[in-house]
Amino acid sequence: MNALTLQWHDAGQNKTQQIYEQQPSKNPGTVRIGRDPLQCDIVLTNPTVSGLHIEVFFNSQQQSFYIRNLRSQNPPLIDGQQLIQGERPLNQGSIIYLGQAQLQVTAVNINTIAATILAPPQPPVHQNRQFTPPVQQQPPVHQNRQVTAPLQQQPPVPQQQPVTPHIHNHPATPAQGNYGLECPRCHKVSRIENLQVGCPWCGTSLAAAVSVLVAPGN
């Protein structure tokens with residue numbers, strides 16, 4: 001049920017009153033507030049409050065509680081703004097001043113009809129039967145057989161022909177037969193084979209002889 005709760009302080013007491021959508025009242029459909037007990041459903045004793053000051057009602061089209069001013073010469077103050085004529089919606093936490101009397105809206109309960117969402121029909125569930133998702137089949141694995149990934153063929157490597165070193169008889173590097181030994185004593189050049197024999201001309205040992213280049217034919 002739609003309801004609004006008012007709370008105020010009057011005659012030294014804190015008072016609370018709920019206003020319902022279809023609450024019985026002296027003016028059907030509204031709850032009137034003021035100082036006159038003959039006209040009002042909620043009576044305030046503060047002398048600054050008018051005899052018939054305001055009324056509160058529920059607007060079914062807006063789904064909200066509203067306040068209406070009934071005393072243009074003493075307009076109420078709602079959330080800091082004067083309501084000289086007409087009506088204004090009330091929210092939880094709204095502050096109402098009737099003269100010097102303060103009222104506060106401590107709660108607003110609006111029952112809304114929740115929309116029903118129709119879900120698509122579900123397949124029947126068999127009792128005592130567990131559903132097992134299908135197992136994806138794996139390719140057969142042969143026992144004792146290793147699967148070797150195919151080797152990628154490499155492009156053939158051209159074979160290099162063996163290189164045979166070629167020795168040039170350069171004058172700076174003559175063959176062994178072109179060398180000779182110069183005798184340190186007689187300075188004659190003999191064959192290199194005479195190193196162990198000595199100089200064939202003076203018999204001097206060729207151990208300290210200097211190697212010299214012999215011209216071909218000598």
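How many of the 6 residues of strand E6 are buried? The count is 5, so E6 is largely enclosed by the rest of the structure. Buried means under 20% relative accessible area, exposed over 50%, and partly exposed in between, with a 1.4 Å probe and protein chains only. This is a predicted model: local features need pLDDT of at least 70, side-chain atom pairs count only at pLDDT 80 or more, and totals for chains, interfaces and linings use all residues. Residues are numbered from 1 along each chain as its sequence is written, and side-chain values use heavy atoms, with hydrogens and water left out.

**Overall make-up**

- The protein has 14 strands and 0 helices. Both are DSSP runs numbered from the N terminus: helices are H or I with at least four residues, strands are E with at least two.
- Of the 218 residues in the protein, 27% are buried.
- Among contacts with a separation of 6 or more, 36% join residues 24 or more positions apart. Contact means heavy atoms within 4.5 Å.

**The five-stranded sheet**

- An open sheet of 5 strands runs in the order E4-E3-E5-E6-E9, with mixed pairing. Its edge strands are E4 (42-43) and E9 (87-89), and each pairs on one side only.
- Two strands pair if DSSP finds at least two bridges between them.
- E3 and E4 run parallel and are joined by 2 bridges. Ile33 has Ile42 in E4 as its bridge partner.
- E5 and E6 run antiparallel, with 6 bridges between them.

- Ser64 lies in strand E6 (residues 64-69). Ser64 counts as buried, at 14% relative accessibility.
- Ser64 is the bridge partner of Asn59. Beyond its neighbours within four places in sequence, Ser64 is in contact with Phe57, Phe58, Asn59, Pro89 and Leu90.
- Asp10 belongs to strand E1 (residues 3-10). Asp10 is buried too, with a relative accessible area of 6%.
- Not counting residues up to four places away in sequence, Asp10 touches Lys15, Val43, Leu44, Thr45 and Asn46.

**The cavity**

- There is 1 cavity of 30 Å³ or more in the structure. On a 1 Å grid over the protein atoms alone, a cavity is a set of points where a 1.4 Å probe fits but cannot get out; lining residues have an atom within 4 Å of a point.
- The largest cavity holds about 40 Å³ of space. A volume is the space filled by probe spheres set on the points, which are joined across faces, edges and corners.
- Strands E2 (13-20), E3 (30-34) and E5 (54-59) each supply at least two residues of its lining. The largest share, 3 residues, comes from E5.
- Residues lining the largest cavity include Tyr20, Glu21, Val31, Phe57 and Phe65.
- By class, the lining has 7 nonpolar, 3 polar and 1 charged residues. Ala, Val, Leu, Ile, Met, Phe, Trp, Tyr, Cys and Pro count as nonpolar; Asp, Glu, Lys and Arg as charged; the others, Gly among them, as polar.

Definitions and conventions
On a 1 Å grid over the protein atoms alone, a cavity is a set of points where a 1.4 Å probe fits but cannot get out, and a pocket is an open set with protein on both sides within 12 Å along at least five of seven lines; lining residues have an atom within 4 Å of a point.
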